[in-house]
Each structure stands twice: as structure tokens, then as C-alpha cells.
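This briefing is meant for a reader who is meeting the structure for the first time. It moves through a few topics in turn, beginning with a term that the later points rely on.

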Amino acid sequence: MSGVHSTPLAIEARKLEIGYRGEHTDVTVLTGLDLEVETGQFVCILGPSGCGKSTLLRVVADLLVPLSGQISVLGETPHAIRGRRDVGFVFQDAALLPWRTVRENIRLPLAVGRHSLTREVADKTDELLAMMGLSAFADRHPHQLSGGQRQRVAIARALLGEPRVLLMDEPFGALDEITRDRLNDELLNLWRRTRTTILFVTHSIAEAVYLGERVVVLAANPGRLVADIDIRPVKDHGNRCLREDPAIIAKMAELRQALERAS
Ligand SMILES: Nc1ncnc2c1ncn2[C@@H]1O[C@H](COP(=O)(O)OP(=O)(O)O)[C@@H](O)[C@H]1O
Ligand SMILES: [Mg+2]
């Protein structure tokens, strides 16, 4: 499906219809979605509550089968690549197991199934603990952590399998603004080092512009793509910008207009 591209696109959707199958009728959530995401891109998905952002990520992660249309992830169907840990998922609430320590929670994806704990996994866990500033908290339980620390654990867990595509569903939505800004910077540093393809869902215009190289705007009723805005022209090559830069503020206004036009 990748046409002239030399490497497969990270995500490619064509005439995608997604929603939920009911006993009598299907409920369509997102309709007519065409989307191409290049490998290594940092894409934010912005839209009002209920427009289908989470539903879209579920389809990419093969947690939900589309109603119709095509979608490929890394050149294959979501189902084909599931289980290879090529796709990592971070949810809004960290979804940690309360009776397990930070270290055990990070290793969780490998504890389930056939993988035993190898030296390599142990080293990788230590590396992720250090990278996310969690080394001192490795033996604590989730209730002994702040909200920001819990989200760091969830990110470390998603990174354990070295995913090529990282799906993040409003991961910082429940955090205070200072913590959120700090985690935004940590995530950008991580992305610069790894150039993992990131699909980051948010309903914050400011967060979308700060993080993304590109922002895809969805609208509700019916859920559909209404704008696809390139942010790179107002950032440097490392995707860096100042939040108060007038060019960034202008991009935010452009996104706000796209959202308002659509609602
Ligand atoms: N399991 C489900 N079954 C039926 N409808 C659902 C289910 N999950 C979500 N929906 C509906 O799909 C729509 C989009 O939901 P969602 O993708 O969670 O939106 P967003 O993440 O953009 O806030 C909403 O109208 C929601 O009520
Ligand atoms: Mg959601």
C-alpha cells in the first residue's frame, strides 16, 4: 500500500470507518478517514471529547477491528504486528497493577506469556528506570508515587519492548500544568533520541502545538478529520520551540479556528 515510499509508512489509513458493532446496528465513530504518518513522525491528534481519538488508537493497536476501509501499521495489518511489541500504548490513567512494584510494573508486558526474565530485560528495566528518573522509586508501589511518576512508569513500560510506534492517549491529561510541561519536555527528548513514531492524543491545543511536528484535527458528530497542520515551519530541526513564540501562538490560533469551524 505504500506506493512510492521506500520505507513503509508507520500508519496508512484509507477510507477508514471505525466504530462499535452493536447487536442490531453499528455505531460509526470516525468516518472516511484518510491518514498517512511517516516513520519517525511525531503527530498529535487533537479533537473534542467524544470525537473518536481513543477509538482511533484502539484500531491502530488492534484492540478494535475497523467497520470498513483499510489500515496498515508499519506496512502490515494491525493484527499481523500485534504481539511483536512493535506498538506501545500509554493510557490516560497509568493502569498500573497496585500490588506490584514500579520495577515489576515496567516488566509487566514480559511477565505475561512465554518470556522469562533475562539479564537483558533486567538491564533494560534498570536503564528505563534511570531514563525516566525512577531509579530511587523502583521498589515502591504505585500508591506511593505522584501522578507524574505513575505516568513515567507507564511510559517506561510502553518503551520496554522498544516499540517502533508509540500510541499515547492523553497521557498527561490528569496532571498539573507544571508536571505536564516537564513531562512534555522529557517526551520530546526521548523522541529526539529514538525517533520513534508517536501518535499523541490530546485535547489541549497548546500541548499539541508544543509536542507535534504535525497536528491532525478531528471533529465530532460525525467524527472526521477536518485539518492537518504542519508545525515544522515554526520549529527548529529538533522540533524545538518556545511556548511564547508569536509564530507558535499563531499556530495555536489556526488550530483553534479549525476546531471552531468544525463544531
Ligand atoms: N465500547 C464502546 N461501545 C460503544 N460506543 C463507544 C465505546 N467506546 C466509546 N464509544 C463511543 O465512541 C465515541 C468516541 O469515543 P472515544 O473514542 O472514546 O472519544 P475521545 O477519545 O475522542 O474522547 C463516543 O461517542 C463514545 O460514546
Ligand atoms: Mg479518549
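A residue is called buried when its relative accessible area is under 20%, exposed when it is over 50%, and partly exposed in between. The model described here is a predicted one, and it holds 19 salt bridges.

**Salt bridges around Lys-124**
- The side chains of Glu-127 and Lys-124 form a salt bridge of 3.7 Å, N to O, and the two residues, three apart in helix H4 (residues 119-131), are separated by about one helical turn.
- Lys-124 also meets Glu-162 in a salt bridge of 2.9 Å, N to O, a pair that links distant parts of the chain, since Glu-162 lies in the loop between helix H5 (147-159) and strand E6 (165-169), 38 residues apart from Lys-124.
- Glu-162 counts as exposed, at 52% relative accessibility.

**Surroundings of Gln-41**
- Gln-41, in the loop between strand E2 (27-37) and strand E3 (42-46), is buried, with a relative accessible area of 9%.
- Its side chain is joined to that of Arg-214 by a polar contact of 3.0 Å, and the residues in contact with Gln-41 beyond four places in sequence include Trp-191, Ile-198 and Arg-232.

**Strands E8 and E9**
- Strand E8 (residues 214-219) runs antiparallel to strand E9 (residues 224-230), and six bridges join them, with Val-215 standing opposite Ile-229.
- Four residues lie between the strands of this hairpin, where Asn-221 takes a positive phi near 50°.

Notes. Residues are numbered from 1 along each chain as its sequence is written. Chains are lettered from A and ligands numbered from 1 in the order in which they are written. This is a predicted model: local features need pLDDT of at least 70, side-chain atom pairs count only at pLDDT 80 or more; totals for chains, interfaces and linings use all residues. Side-chain values use heavy atoms; hydrogens and water are left out. Buried means under 20% relative accessible area, exposed over 50%, partly exposed in between (1.4 Å probe, protein chains only). A polar contact is a pair of N or O atoms within 3.5 Å; within protein, one must be able to donate a hydrogen and the other to accept it, and residues adjacent in sequence count only if both atoms are side-chain atoms. Contact means heavy atoms within 4.5 Å. Two strands pair if DSSP finds at least two bridges between them. A salt bridge is a side-chain nitrogen of Lys or Arg within 4 Å of a carboxyl oxygen of Asp or Glu.
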